[in-house]
Amino acid sequence: MPQSKTRIGIIGCGQIAQQHMKSYGEIANAEIVACVDVNEAAAQRSADQYGIPNVYTSIDAMFERDDLDAVDVCLHNNFHATATIKALHRGLNVYCDKPMAGSYSDAAEMLRVAKQTKLKLHIQLSTLYSDETIAAKRLIEAGELGPLYHARSAGFRRRGRPYVDGYGTPTFVQKRNSSGGALYDMGVYHISRMLYLLDNPDVERISGKAYQRTPIDPTRQTSSAYDVEELGMGFVRLKGECTLDIIESWAIHMDGFGGSWIVGDLGGIRLDPFGFFKTCADIEMNATANLGSARYRWNQLEGLADHYANSQVHWIAALRGEVDLLPTAQIALNTMLISEGIYLSSARGCEVTAAEVEAASVSTALPL
């Protein structure tokens, strides 16, 4: 039986960690007992703000504790694999921020070690818990769309590049820390959601292109060492005659892309904003939905608020044995394969197979 509260250690106390710590503070069964950051002042500020009793500047020192149930990795992408694998080998369940890692090979090793140690590995894919995603999943499972054959993953920012457009730090736009740009930062949310709705099929082939074309303020260009993509796009052939097209922007001279959607023989769903489309009695029908009312019923009658309110709520419920953990690590790994496949296709100027992506992928993991 789980103890009264599930005890969490936070690894990294930067920007994303603040959101994670706030979420844990709203979960009655969760308690943050320790945090670690090489910047002691940042760690202490988080401890003071969220009432965390133990502060460390060394991950190994925090791992000496014998009262942690899990850790939450809130570091830059190329540190994800190092921290996750080290924690798993210390017998700790791991929650890791997205993307899963800086490279497909590192992400695959994370999942391999999690399976080997028989510990839980959960990746922060926040869009899986939205009203729109849950409604789409229910309609698909009810057969309302029929066999699925195509999906679009779309994410739009007109001028939203970290640091160079005014927020965040330069590390977000440097390959040596983050490995990728728009696809790794925001695309992971949209790609993973579509893979989840498609039941995470195997990837067969990928064609793609990455761009960095929108002008940057010269001073920020120099100080940022910006070398990642601002626009990524791809076409993915999936097992079972299903396809996925992708467009993800940090910066583009456009007013929007129209959101993600998925279609089957009998109907289609747009996620943002939510819409449901069918032909009934030879009449094309366009339906909206009262998702707020539906979510209220799901919360009251099925306990969704206790298990699927957001990623952290789901994680704590799974750690406590109240619900099976969604296969976020497997979905995130497939997302990594697609994103890295777009980069490889862009570099080679041709379509690539999943096997070619796996063979070409090299570790970008940085030491801690």
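Covering is judged by contact, meaning heavy atoms within 4.5 Å. Helices (H or I, at least four residues) and strands (E, at least two) are DSSP runs, numbered from the N terminus. The buried residues of H6 are Thr 133, Ile 134, Ala 135, Ala 136, Lys 137 and Ile 140. Buried means under 20% relative accessible area, exposed over 50%, and partly exposed in between, with a 1.4 Å probe and protein chains only. Just after H6, Gly 143 takes a positive phi of about 85°.

## Basis of the description

This is a predicted model, in which local features need pLDDT of at least 70 and side-chain atom pairs count only at pLDDT 80 or more, while totals for chains, interfaces and linings use all residues. Residues are numbered from 1 along each chain as its sequence is written, and side-chain values use heavy atoms, with hydrogens and water left out.

Two strands pair if DSSP finds at least two bridges between them.

Strand S1 (residues 6–11) pairs with strand S2 (residues 30–36) in the parallel sense over 6 bridges; Ile 10 has Cys 35 as its bridge partner in S2. Because 6 of the 6 residues of S1 are buried, S1 is largely enclosed by the rest of the structure. Thr 6, Ile 8 and Ile 10 point one way from S1, whereas Arg 7, Gly 9 and Ile 11 point the other way, and all are buried.

## Aromatic pairs and charges over rings

The whole structure holds 4 aromatic pairs. Rings of Phe, Tyr and Trp (its six-membered ring) pair if their centres lie within 6.5 Å; planes under 30 degrees apart count as stacked, over 60 as edge-to-face and the rest as tilted. Tyr 95 and Trp 315 form an edge-to-face pair, because their ring centres are 5.9 Å apart and their planes stand at 65°. Tyr 95 lies in strand S5 (residues 93–96) and Trp 315 in helix H12 (residues 311–319), so this pair ties together parts that are 220 residues apart in sequence. Both Tyr 95 and Trp 315 are buried.

Tyr 226 and Trp 250 have ring centres 6.5 Å apart and planes at 70°, so their pair is edge-to-face. Tyr 226 lies in the loop between helix H9 (218–224) and strand S9 (231–238), and Trp 250 in the loop between strand S10 (242–249) and strand S11 (261–264), so the pair ties together parts that are 24 residues apart in sequence. Tyr 226 and Trp 250 are both buried.

Charged side chains also lie over rings. Arg 220 is placed over the face of Tyr 163, at 4.0 Å from the ring centre, and Lys 209 over the face of Tyr 211, at 5.7 Å from the ring centre. A charge sits over a ring if NZ of Lys or CZ of Arg is within 6 Å of the ring centre and within 35 degrees of the ring normal.

## Three individual residues

Thr 82 belongs to helix H4 (residues 77–89). The side chain of Thr 82 reaches the backbone oxygen of Leu 366 at 2.6 Å, a polar contact being a pair of N or O atoms within 3.5 Å; within protein, one must be able to donate a hydrogen and the other to accept it, and residues adjacent in sequence count only if both atoms are side-chain atoms. Apart from its neighbours within four places in sequence, Thr 82 is in contact with Ala 365, Leu 366, Pro 367 and Leu 368.

Ala 182, in helix H8 (residues 182–197), is buried, with a relative accessible area of 0%. Not counting residues up to four places away in sequence, Ala 182 touches residues including Glu 229, Ser 249 and Trp 250. Phe 172, in the loop between S7 and helix H7 (175–178), is partly exposed, with a relative accessible area of 25%. Beyond its neighbours within four places in sequence, Phe 172 is in contact with Gln 15, His 76, Pro 162, Ser 178, Gly 180 and Trp 250.
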